[in-house]
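Try each task before you read its solution.

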Amino acid sequence: MRPRSRFSRRYGHLWFVLPGLVVFATFLIYPMAKAFQLSFIDWSGLGASNGFVGLANYREALTSPALYLAAWHNVILFVAILIIQHTLGLFLAVQLNARPRFMEVYRTILFLPVILSLVATGFIWTLMLSPNIGILNPLLEAVGLGFLAGSWLDDPRFALACIVVVQAWNHIGWAVVLYLSGLQNVPQELREAAQIDGANAWQRFWAVVFPLLAPSFTALTVITFIQNIRVFDVVYVLTGPVGAPAGRTDVLGTLVYRTAFGAAGATTADVRLSYAVTLAVIMFVAMLVCISLLVRVLRRREIEA
Amino acid sequence: MKPRKVEAAARHFLLCAASLVVLVPIAYVVIASFKTLPDFFANPYGFPEEWAWQNYVEAWKQARIATTLTNSVIVTAASVLASTFLAALIGYGLARKDKPLALALYTLFISGMLVPVQMIVLPLFVVLRELGVLGTHLALILPYTALGLPMGVLILTPLIATLPRDLADAARIDGAGEWQIFRRVVLPMLRPGLASVMILNGVWMWNEFFIPLVLAFRPSTQTLPVGIMSFVGTYSTEWGLIFASVVMATAPAVIAYVAMSRQFVAGLTAGAVKG
């Protein structure tokens with residue numbers, strides 16, 4: 001055995017951490033610190049900065065209706081997708097857990113959209129929903145609901161609902177596989193014991209099985225939260241960087257992007273890099289607070305269960 | 001036995017319906033990618049009159065798929081390998097929580113998962129420009145590698161901690177250094193975990209849109225999703241070409257998934273449950 005100095009015995013393991021830490025610090029921690037710094041200056045991103053402005057960016061952001069409207073759309077998306085995941089997703093997982101024939105085929109198909117990029121998903125649904133060449137409208141006409149047909153993505157009443165549908169289509173696979181793996185971990189003896197005690201199928205599920213799915217419930221809720229607060233690609237592809245029509249689908253992701261890089265119809269005065277970074281910092285802090293609350297509540301629920 | 005049969009039939013009916021909801025839009029896009037422009041209006045809902053294979057030839061050229069596909073492969077492969085390897089090293093270094101700083105560093109890496117890309121991508125632009133790598137593949141590989149670390153560390157560290165210690169101890173008595181133990185003892189036992197991390201990070205790196213939209217602004221370094229988007233910007237009415245390019249951009253990931261769906265599902269679920 002090679003002799004090792006006291007120092008290397010105590011700190012030797014850190015050599016393994018060092019290369020990764022350098023990359024992590026340079027491309028994640030430093031840009032974050034830089035983001036905080038940028039949020040205190042006034043800079044359009046081009047040319048010279050107008051110098052330190054203190055909390056002015058924050059004051060402007062926190063009093064701007066655009067921020068709250070975008071955040072509100074993120075919340076609507078999150079709640080809608082959450083409900084779909086925990087009902088339809090759970091339901092489909094329960095069906096798969098009964099191990100029907102072709103179970104693997106069904107699972108492979110239902111998880112497939114998760115693999116597709118959100119850009120591809122956006123195009124798939126642009127085609128489906130298009131008033132000219134889509135198939136949703138003729139489908140509605142075929143079942144006698146022709147009066148509902150419309151140009152879905154341009155209609156302020158339906159545009160956000162379209163985003164929900166597309167986002168749900170892309171993400172339902174997560175709910176299916178997460179709940180399925182949770183269901184497969186429920187010991188069969190527990191269900192049998194409950195059956196002997198006279199519980200019917202419905203009672204067995206809600207009293208015995210569902211509480212044991214708490215880890216799946218937690219994981220799904222947290223990833224749904226992150227996915228829908230960060231959402232950008234789907235909205236960008238379906239309704240563009242201004243959250244058309246009339247800002248009805250504007251979310252935090254598009255708001256930040258538009259503020260930093262502009263969009264059709266924007267003037268150079270609208271493009272303000274340091275203000276965009278401030279919006280992103282606010283988004284990060286809000287997410288951090290919500291996630292820690294969410295995890296605390298959900299973990300407590302897991303322990304009680 | 002009768003009710004059970006009814007139940008099974010109902011179950012198949014429901015699962016088939018759900019599968020159709022997934023498959024019909026995809027199939028419809030594939031069919032649309034073979035249509036000529038007049039065909040879209042003459043015959044919007046059916047199969048094309050004549051299958052327009054030239055859509056693919058055209059789109060391949062016009063959307064510069066050869067370039068963006070190569071870029072996507074290079075960037076994803078390099079980032080996945082670098083990120084997974086660095087995460088395994090970190091995991092080995094931090095696996096023993098009683099060592100100084102191990103828990104603090106572990107927490108630091110994990111919390112990287114909460115950082116929204118919108119917040120760091122703008123400062124990253126400045127950092128990469130200072131390093132002189134803007135406009136090269138490294139401008140994507142370096143940030144992807146860093147952003148892949150939290151998930152890698154989260155999955156690999158606990159796995160390494162549960163590996164049997166006696167093997168490493170035996171190697172140590174035989175005079176192996178820590179590096180050799182990592183390479184010859186730990187890495188081979190870690191294979192399933194490494195596969196999970198590679199799939200999980202590979203899928204998002206392949207599909208990532210926002211980061212390359214900002215950082216790979218030069219056409220020569222664009223990846224597939226951004227390339228498709230900028231192609232659509234210029235040819236917004238050439239529906240057949242657009243869908244042909246979408247199909248080509250999506251096919252590699254779908255083929256890999258169908259070939260290894262079990263590994264994909266297991267890998268992705270492992271990451272999500274941990275997270």
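How many residues of the lining of the second largest pocket are nonpolar, how many polar and how many charged?

Before the solution, a word on the basis: this is a predicted model, in which local features need pLDDT of at least 70 and side-chain atom pairs count only at pLDDT 80 or more, while totals for chains, interfaces and linings use all residues. Residues are numbered from 1 along each chain as its sequence is written, chains are lettered from A and ligands numbered from 1 in the order in which they are written, and side-chain values use heavy atoms, with hydrogens and water left out.

**Solution 1.** Start with the space itself: the second largest pocket holds about 890 Å³. Among its 23 lining residues, those closest to the centre are Val94(A), Ala98(A), Arg191(A), Glu7(B) and Arg11(B). Next, sort the lining by class, which gives 12 nonpolar, 6 polar and 5 charged residues. (Ala, Val, Leu, Ile, Met, Phe, Trp, Tyr, Cys and Pro count as nonpolar, Asp, Glu, Lys and Arg as charged, and the others, Gly among them, as polar.) Finally, look for the main supplier: α4(A) gives the largest share, 7 residues.

**Exercise 1.** Find out whether Leu129(A) is buried or exposed, and list what it touches.

**Solution 2.** Second, check its relative accessible area: at 7%, Leu129(A) is buried (buried means under 20%, exposed over 50%, partly exposed in between, with a 1.4 Å probe and protein chains only). Third, leave out residues up to four places away in sequence; Leu129(A) then touches Leu136(A), Trp152(A), Leu153(A) and Cys162(A), where contact means heavy atoms within 4.5 Å. Cys162(A) is 33 residues away in sequence, yet its C-alpha lies 8.5 Å from that of Leu129(A).

**Exercise 2.** Which residues touch the most other members of the largest nonpolar core?

**Solution 3.** Take the core as a set of buried Ala, Val, Leu, Ile, Met, Phe, Trp, Tyr and Cys residues joined through side-chain atoms within 4.5 Å. Among its 197 residues, Phe111(A) and Phe123(A) touch the most other members. Helix α8 (residues 159-184) of chain A supplies the largest share of this core, 15 residues.

Conventions. On a 1 Å grid over the protein atoms alone, a cavity is a set of points where a 1.4 Å probe fits but cannot get out, and a pocket is an open set with protein on both sides within 12 Å along at least five of seven lines; lining residues have an atom within 4 Å of a point. Grid points are joined across faces, edges and corners, and a volume is the space filled by probe spheres set on the points. Helices (H or I, at least four residues) and strands (E, at least two) are DSSP runs, numbered from the N terminus.
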